[in-house]
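Subject: Structure for your review

Dear colleague,

Please find below the sequence and the structure that I am handing over to you. After them I set out what was found, topic by topic.

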Amino acid sequence: MKIRVATYNIHKGVSSIRSTPRVLALKKAIGLFGADVVFLQEVQGKHDRLSAQFGLESRGHRHWPEQSQHTYFAGESHHSAYGMNAVYDHGHHGNALLSAHPICTTHNHDVSDHAYEQRGILHCVLETPHGQVHCYVVHLGLFESGRRRQTEALIEAVKKSAPDGEPVIIAGDFNDWRNTLGDQLRDALGVVEVFDELSSKSRLGDLLRSLSRGEAKKKVAPARTFPAALPWFRLDRIYVRGFKVDLAEVLHGSLWAKLSDHAPIVANLTLK
């Protein structure tokens, strides 16, 4: 079975500077992935202020959908699940999964390290023609000590919910800019990151990698995805178990630079 996956931090569907809605354009862009499964971070489940400001129809369409973002992005072609993490007076946001395959179970693990930074790991089990696939949508914290503890919680969750080498896809924004967590995940879960054996198909990605060959010799390096306009930091990852990686690439260009501060990653996988 072949499956195409993508991971994308969508910055709550608004621009970084003026919080201008990008939700309509994001839905079209997510469609360009051609992905069977999409792992999304910073998904706005509800935002009363932006809904009131941009929700009225203007020039033939609304700039802010009536539905929650994950439902809106899924449309008629995909199933969706949402894990609410950060809650505030006017709304909430979290992680989401869009899947062309039915989602048979979901569970959101609260891995918040402190009260001021609410984080979660959304676990979804997909029912595919070739059996179940476990998907974990990840968005780790900004502080390294917290990320270590959250990674330990992720490892424990995967071991409990996907034992005996069952197929696993873990994807999202790890905020691991110093690349300190990958080896721990590989050793504990038997996963590989999609760029472990494949070079980026992007010319920009290849150029940036060539400038850091010394680092690459010391440790396998994920792709650069942040900031989207000129990616330098290695924040976003896709780890897999039970799959062969056929292709992996970061999507660069003016379209992606306008939509979010992160660039998306897409990968083609084949079930072993």
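Among contacts in the protein between residues at least 6 apart in sequence, 69% join residues at least 24 apart. Please keep in mind that this is a predicted model. The protein has 272 residues, and 53% of them count as buried. Its elements are 8 helices and 14 strands.

Aromatic rings

A pair of aromatic rings is described by the distance of the centres and the angle of the planes. The count in this model comes to 6 aromatic pairs. One of these is formed by Tyr8 and Phe33: the ring centres are 5.8 Å apart and the planes stand at 75 degrees, which is over 60, so the pair is edge-to-face. Where do the two residues lie? Tyr8 belongs to strand 1 (residues 2–9), while Phe33 is in the loop between helix 1 (23–32) and strand 2 (37–47); the pair therefore ties together parts that are 25 residues apart in sequence. Tyr8 and Phe33 are both buried. Together with Trp256, Tyr8 and Phe33 form one aromatic cluster.

A further pair consists of Trp177 and Phe233. Its ring centres are 6.4 Å apart and its planes are at 90 degrees, so this pair is edge-to-face. The pair links distant parts of the chain, 56 residues apart: Trp177 is in the loop between strand 10 (168–173) and helix 5 (182–189), and Phe233 is in the loop between helix 7 (213–218) and strand 12 (236–241). Are these residues buried, exposed or partly exposed? Trp177 has a relative accessible area of 49% and is partly exposed. Phe233 is partly exposed too, with a value of 34%.

Charges over rings

Lys27 lies over the face of Tyr72, at 4.4 Å from the ring centre. In the case of Arg224, the charged end sits over the ring of Trp232, 4.0 Å from its centre.

Two packed helices

Two packed helices are described by the angle between their axes and the distance between the axes. Helix 4 (residues 144–161) packs with helix 5 at an angle of about 20 degrees, and the axes are 11 Å apart. Why do helix 4 and helix 5 count as roughly parallel? Angles under 35 degrees count as roughly parallel, and the angle here is about 20 degrees; helix 4 and helix 5 are therefore roughly parallel to each other. Their crossing is right-handed. On the side of helix 4, the residues that meet helix 5 are Thr151, Glu152, Leu154, Ile155, Val158 and Lys159; their partners in helix 5 are Gln184, Leu185, Ala188 and Leu189.

The loop between helix 7 and strand 12

Thr225 lies in the loop between helix 7 and strand 12. Thr225 has a relative accessible area of 0% and is buried. Leaving aside neighbours within four places in sequence, the residues in contact with Thr225 include Pro231, Phe233, Val250 and Ile265. Thr225 and Ile265 are 40 residues apart along the chain, and their C-alpha atoms are separated by 7.9 Å.

Pro227 is in the loop between helix 7 and strand 12. The peptide bond leading from Phe226 to Pro227 is cis, with omega near -5 degrees.

Ala228 also has its place in the loop between helix 7 and strand 12. With 5% relative accessibility, Ala228 counts as buried. Apart from neighbours within four places in sequence, Ala228 is in contact with Trp256, Ala257, Ser260, Asp261, His262 and Ala263. The C-alpha atoms of Ala228 and Leu259 are separated by 8.8 Å, and these residues are 31 apart along the chain.

Positive phi angles

Which values of phi do Asp164 and Asn179 have? For Asp164, phi is near 60 degrees, a positive value in a residue other than glycine. Asp164 lies in the loop between helix 4 and strand 10, and at 79% relative accessibility Asp164 counts as exposed. Asn179 is not a glycine either, yet its phi is positive, at about 55 degrees. Asn179 lies in the loop between strand 10 and helix 5, and at 4% relative accessibility Asn179 counts as buried.

Yours sincerely

Conventions. Residues numbered from 1 in each chain as written. Predicted model: local features only at pLDDT ≥ 70, side-chain atom pairs only at ≥ 80, totals over all residues. Heavy atoms only, no water. Phe/Tyr/Trp six-rings, centres within 6.5 Å; stacked < 30°, edge-to-face > 60°. Helix = DSSP H or I, 4+ residues; strand = E, 2+ residues; numbered from the N terminus. Buried < 20%, exposed > 50% of the residue type's maximum accessible area, 1.4 Å probe, protein only. Lys NZ or Arg CZ within 6 Å of the ring centre and 35° of its normal. Axes fitted to C-alpha atoms, helices over the stretch in contact; angles between N-to-C directions. Parallel < 35°, antiparallel > 145°, perpendicular 65-115°, else oblique. Left-handed = near helix turned anticlockwise from the far one by under 90°. Contact = heavy atoms within 4.5 Å.
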